[in-house]
Structures are given as structure tokens and as C-alpha cells.
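The exercises below are to be worked with the sequence and coordinates open. Each task is followed by a solution in steps.

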Amino acid sequence: MVVVRVLVGLSLLLVGFPRDARALPAFARRFNLACGACHSAVPRLNAFGEAFHENGFKPPGTMEVPLPATWQDAVKETMAVWTRGEFYEHSDFGSGPTPRQGFAVPEHASVYVAGPLTTSTSVFLELENTVHETDINKHGDFVNSDTGGAQKAFLMIDLPMLFGLHGGHSMAHMDHMNMDPDHPMDMEMGMATMGDGLVGHGPMVMIGRVDPSTNFSYAVDRQLFHDVPADTSEAVGSGKTAAGGMLLRMPLQPYAFGAKFFGIFKRGDHTLLPTEPALYHTEAAPGVDFHGRLFASKLLYQFGFTTDAAPEFLDRFHTFVPYTMLRYDFGDQDGLNGSVSVLGNYGRNVYKVFYLAPTPLPPILPGTVQPRHTPPPPPGRGFVNAVQDLDVWREGIGGNLRRGPWDMYAAYMYDQVFDVPDRLAGRFERRGQGLTAEVDYRLTHSLVPSLRYDWMKAGGFKSDVIFEPGPRQSQVLHMQMRWYVFEGDNLAKVPVPALLALSVRDSVNLTPGGSEPFGAWRNGVFLGFDLAF
Amino acid sequence: MRAVAALMLVLMVTRLAAADQATAVYNHACSWCHGKDGRGDGPAAFSINKYRSPRPRDFTRGRFKLRSTPSGQLPTDDDLLRTVERGIPRYMPSFKGLTAGERRQAVEALKRFFPGFESAHPTPVTIPEAPALDADAAVRGRRVYEDAGCAACHGDRGRGDGGSAAALRDDVGLPIRPADFRFPRLFKGGSEPADLYRTLVTGMDGTPMPSYASAIDDPRALWDLIAYVRSLKRR
């Protein structure tokens, strides 16, 4: 218990760090498995992989996993390195007086430390060297910036196990009392024995920088299509171009999970682009998550809260993002199985909007957390002199259907913001919708073609008022071929459990036209790779 | 405390309501791959190895690779228990993390899928004590390896690249790779001398690997062969 408390404390400390889990060769090494044991197509989890994750990174039903015996084993069995990235051509709208770099260079690398620590407690830590963010600099230009640090960092605790409610090994001493040779060990109970009936599994609690969406039918961080960061022209302040600081293309991320509003900011005055994952679908956010299974494990429940969009620690007390999700799993066979999830997510004070308002500025109340700086007006748009916190409500449904080599996924999310200032009446659309649907097919042992469709009807500031004018709808079609060169299943080929996947992808803008970033970007071809060891 | 007590009560009631613990264990730990009906068609079955063998075992067919019994017979409970506890390298994790009772219940549950287990009395083969598996034994074992035709599948150097390797199929028609002797930790039946002896004598039913119980009837020659196979391990 003392150990657990210390770990819980450490985990809470990690909450203060700045924000994807994929396949971990460390698990493959620890449990002597190939990637396919847990993944239908890395990083996508199969049903066994989901159960493995839900059981605190242990085979379903099991309780004890011996800790690595030596420090060398600990490194081999708990640590993994993942590098990934995409080569792609920047939009030609970025070329001005100074031509821009032709290709983006892959630069993502993560180090993971993960695995079960005790029968009840597991740890997951991901350190990433860089994360693309798009922000506005002091000149009012959109610029890409990079941050690094802890992404996911959480403890997962099996509460019944922690409190001794599973029995299991604690009852092993009673074995000698069982004298009936026809029913040996009948007294003994463990997690698997509890697996049917009303109670299925858990509740489990995740504390730290958690990834709430992992349990959703369509998980944000397990996409076969890499996220592509926003494309911005060189900032004016860089002196390289006169027409700089413009947002040329939104980040190519699943639209359903995006923030869906133009002209909004996160807490701490960071921009939040419409296609950036937010709220429940953030890739990692400080918070506490409870989840478990009921009714013979058919129903997965999840609730918790995050403090997404609040980068400053103290500001998190001002921001509260509770959520709840229910998922129903159907089909017990490879012939057809899947799940449907519904969620509700309320974000209190998570977004900000800056706007023109009559003087004087709103009074500053004692105890109010102030932003570090007032963001500058966007280029050529006049002065901003008022700020308003916005609440948001997200409701949505997601599902997946799997049949042998076929995997199909879809999610639809509907977002509404509240507390929009009266001053913005008629100029701010407070509703946004997003849809993402995908189909993957395992063509051969190592080739996976995929098709993804994204649609968004974005809200936020309307045309020619602020930021990005133009249509608020976007549709994108992504086509990809992914080649798993090796994935830990042929050690004669590659003598260590490791993964290499290459991909080629074409993203087609189905709603071209105009000068705004939804319509202006041309089709892009992306060459990607994933290397993990 | 009240909340904890209430939760304990719910769990105890549920525990009493669970009609069949063996099925509960199987469903919770095994059915993801082997399927609720034991047909090897669980929701994760395809992705285990896609278009290749091994795929999760179909218990209803009554054919088991990993046995201590002569070819064609069903495995003993201890055989099944051994597989549950060890797992199968690359494809099935060890389930030693289940309690001892649960592991036995899992075995009890999977046997129900094949009625033949009710009347079967599988008898394990006898594994004699291993002699010294030294370099001389390995030299003699090389001759046994050649005479028995092991190289046809496993290759001249034991790398699983024999002339017929690419054409091998298991009993459901999936391509199957012969073992690469450089990596004993990947041997499905285990890599200890007694494990290899058992595999050679019993064969692996459902795969092209036959029993050599009658082809090599001298235990000494089998041990020599084992010494040779073990000498191929990558250092």
C-alpha cells in the first residue's frame, strides 16, 4: 500500500507536465508475443489487446506478472522506443519571396516505460521529443511550434484487487482445506473467476496524464493514418516572407474528434484549431478516469474528468471537463464482432474567445487566474479588447465492426459552446459537427490498404469577421497503403521483437476553393514510417 | 467503508450467482482468441497470425499439437495445463497469472468442447533420462538428422528453410513454417531436452511434423538428434 501511495503521488506530480500509445515491443518482449497478438494492425488493438489494456497491461484474467529479475530485463521488458514521421510536401501557398522547404522531415520519437508493477497497479509513461503545436506569436502570426515532455503518464489501478476483493492468491492458503479430490481448488477465486455474471472487470482507475479515449470504439491515438500537423507560411517576424504567418492547411487529424470551432483559444491563450483533438478525444490530458465492465463484460462504462486545454497548472482548477462513456460490445466471433459507444462530455471554461467590446474591459475579480499575456489581434483584424470563457458540451456516437481481415470504424460528434458574448450575436456559430469513417482491409499478411473519410461543419467565427474567412464545411478523403515490413513475428528475419511499417498516403481535399485553410490546400501525398524496438 | 462493504457484497452475490466457474474463467481469459464455442474463432483470432498458421486452436476438432501422448491421441490434463502456463511463443501469452485453480478450470472448460475427452484415457509416453548431450552426441545427431530427412523441412542448417518448407500446410490449409533451430525460445513445445524428446516422439498433430517414435526407435539416436538440434542455437 505504501508503494502504491508513493506511486499515486508520483503520478499526480506528472499531471503537471505538458501531452499517443501505440504498439509497445516492450510488451511483446515481456510476454514473448508478436504484435498480432494484441493488434489487428498496429497501432489498432484487437479484442484481446483491448482486454490486455483494460487489465493493466496483463493478459486478461491474470493477476500476477513477475517483475523483471535484473535491471537489464527491466530495460528490455518495460522500455520501448518509437520513431515515426511522414515525408510530405508543404503546400505551395507557402511559397513567397523565399521558397519554403520542399519536404517536412520526420522528427517524432517517443520513449515508453510501461507494464504491471504489482497485482493491482500498472504504470504507463511516454516521453516524446516533440509535439507539433500551432500558435499565434507576438506579431499575430500563425506559427508552428514544438513542445516535448511527458505525453501519457499515468498509473492504472485495479480497485477490487487493491482492496483484496478478488480473493485470488490471498485465498491460496486455504487450498489444503479442500479435501474433495473431484473439485480441487474450488475455493480459489481470481479475476477470471469473477469474469462472468453481473460483474465483468474492474473498476480500474487511471490517474495522471490519461488518455480517456482509448476505451472508445474508435480510439484517437490508434489511427493507421498519421496525424499531419498544420501547414503555416513562414512568420512575418522571421523576415523570410512578407506574406507570412498564414494558416495554409488545418492539421489532418480525424475531424470527428476535433475542436470544430474557428477563432477559439485554449486556456493559457493557445490557439485551438478546429481539427485538433480536444476534450474526451484529446490524446492525453491530466485527469482521473474510472472504467470497468459489467454484464459478462458486454458493457464497458467509463467516467472521469480531465483538465484538457488548461496548460497552466493553477488554471486547471478553473477548468473542469467531466465525461462519461458507455460502450456495448457485440459478437463473440471472428466472423463478426464490434462495439458501439456513446459519450457525453462537458467542458467548463475550456475555451476562450477574444473579441471587440465596449470599454471599459470587464473587471478583474480577485482570485481570477489571468492569462500570461493578451493575445495580439490576428493579422489585419483590428484590436481585441475583451475575452470570454466558453463552456462546451460534446455528445457523440462511435462504433466499429470487425470481420476477419475487415476493420470498419466511424464516429460522429456534435459540439455546442455556451456563454458566447451577446456582442458576437450573429457573428459566431455556436454549433459544430464532425464525422470520421474508416475501413481497413488486411490484404495479405503484411499489406493493409485503408480508406478514411472526414467531414466537418465547423462553428466559431463566421466569414470575414476574424481569423479564417470562408466556408465552414470540409470533406477530406484519405487513401493509404501500409506495409508491415516486420512486426515481431519472424525473428529469423529480424532477431529482436521490433516493428517497421511503411506507408504511402494520398489525402484529397473534396471541398477545394477559396483562400481559407479548409478550401485552399491542395491534395497531398505523404510517405510515412513507424519504427519501434 | 460502507461503499467498500457494499461493493464486496455485490461481488459475493455475483460470485454465488456464477453458475459455472470453469466457463467464466474460459470466457474471461481464453475466448478472445479461441471463441466462446471453442472453435478458434474468437474476435481476435484472425489477427493473431492473419493468413498463416498457427491460428488459435479449434478445440472442437480434438486435434492438439502439444501433447505427451502418442500421435492421434488426446492430450492429458497436464499437457493442456502446461500450454496454459507456458503459453506459445509469439502467439499465446503465459496464463500463469491465473490462480492455480483457474488454470485447471480453464482446462476443464476447453475439454468440454470435444466430447471425446469424456471417454478418453490418454497415456503419456515415457521419456527416458537424458544422457550427456555433448559435442560427440551432436556429431552423431547430425547423421540422424540427415537420415531422418529433417532437412527437407528444417533445412540443412536447421533454419526452417528446407526445400519443402514453402509448400507446407497445416490441417486447415494454412501455410506453416518449420521451426528455425537457431531460436529455441520460440519452440512451441518447449526447448528443454525432455520437451524436444516429447515433440519428436509424439509429433505435432495437425501439422506436417510427424511422430518419429517408430522411424527412430532407438532412444539413444533421439537424444543424439536432440543434442544436434540444440547445438544449432544461435550464440
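The model is predicted.

**Exercise 1.** Determine which helices of chain B the buried residues of H11(B) pack against.

Solution. Start by finding the buried positions of H11(B): they are Leu222(B), Trp223(B), Asp224(B), Leu225(B), Ile226(B), Ala227(B), Tyr228(B) and Val229(B). Then look for their partners, which are helix H8 (135–147) and helix H10 (193–202) of chain B.

**Exercise 2.** Classify the packing of H8(B) on H11(B) and describe the residues in the contact.

Solution. The axes of H8(B) and H11(B) lie 7 Å apart and meet at an angle of about 100 degrees. Angles from 65 to 115 degrees count as roughly perpendicular, so H8(B) is roughly perpendicular to H11(B). On the H8(B) side, the contact is made by Ala137(B), Ala138(B), Arg140(B), Gly141(B), Arg142(B), Val144(B) and Tyr145(B). H11(B) contributes Ala221(B), Trp223(B), Asp224(B), Leu225(B), Ile226(B), Ala227(B), Tyr228(B) and Ser231(B). Sorted by class, the residues of this contact are ten nonpolar, two polar and three charged.

**Exercise 3.** Describe the domains of chain B and the contact between them.

Solution. The domain assignment divides chain B into domain 1 (10–119) and domain 2 (135–231). Taken over C-alpha atoms, the centres of domain 1 and domain 2 of chain B are 26 Å apart. The contact involves 18 residues from domain 1 of chain B and 19 residues from domain 2 of chain B. Where domain 1 of chain B touches domain 2 of chain B, its side has six nonpolar, five polar and seven charged residues.

**Exercise 4.** State how many helices and strands chain B has, and summarise the chain as a whole.

Solution. Chain B has eleven helices and zero strands. Its pattern along the sequence is accordingly written α-α-α-α-α-α-α-α-α-α-α. The C-alpha trace of chain B spans about 70 × 40 × 35 Å along its principal axes. Of the 235 residues in chain B, 43% are buried. For contacts in chain B between residues at least 6 apart in sequence, 59% join residues at least 24 apart.

Methods
Residues numbered from 1 in each chain as written. Chains lettered and ligands numbered in written order. Predicted model: local features only at pLDDT ≥ 70, side-chain atom pairs only at ≥ 80, totals over all residues. Buried ≥ 20, exposed ≤ 12 C-beta atoms within 10 Å, placed from the backbone. Helix = DSSP H or I, 4+ residues; strand = E, 2+ residues; numbered from the N terminus. Contact = placed C-beta atoms within 7 Å. Axes fitted to C-alpha atoms, helices over the stretch in contact; angles between N-to-C directions. Parallel < 35°, antiparallel > 145°, perpendicular 65-115°, else oblique. Nonpolar A, V, L, I, M, F, W, Y, C, P; charged D, E, K, R; others polar. Domains from an automatic or database assignment.
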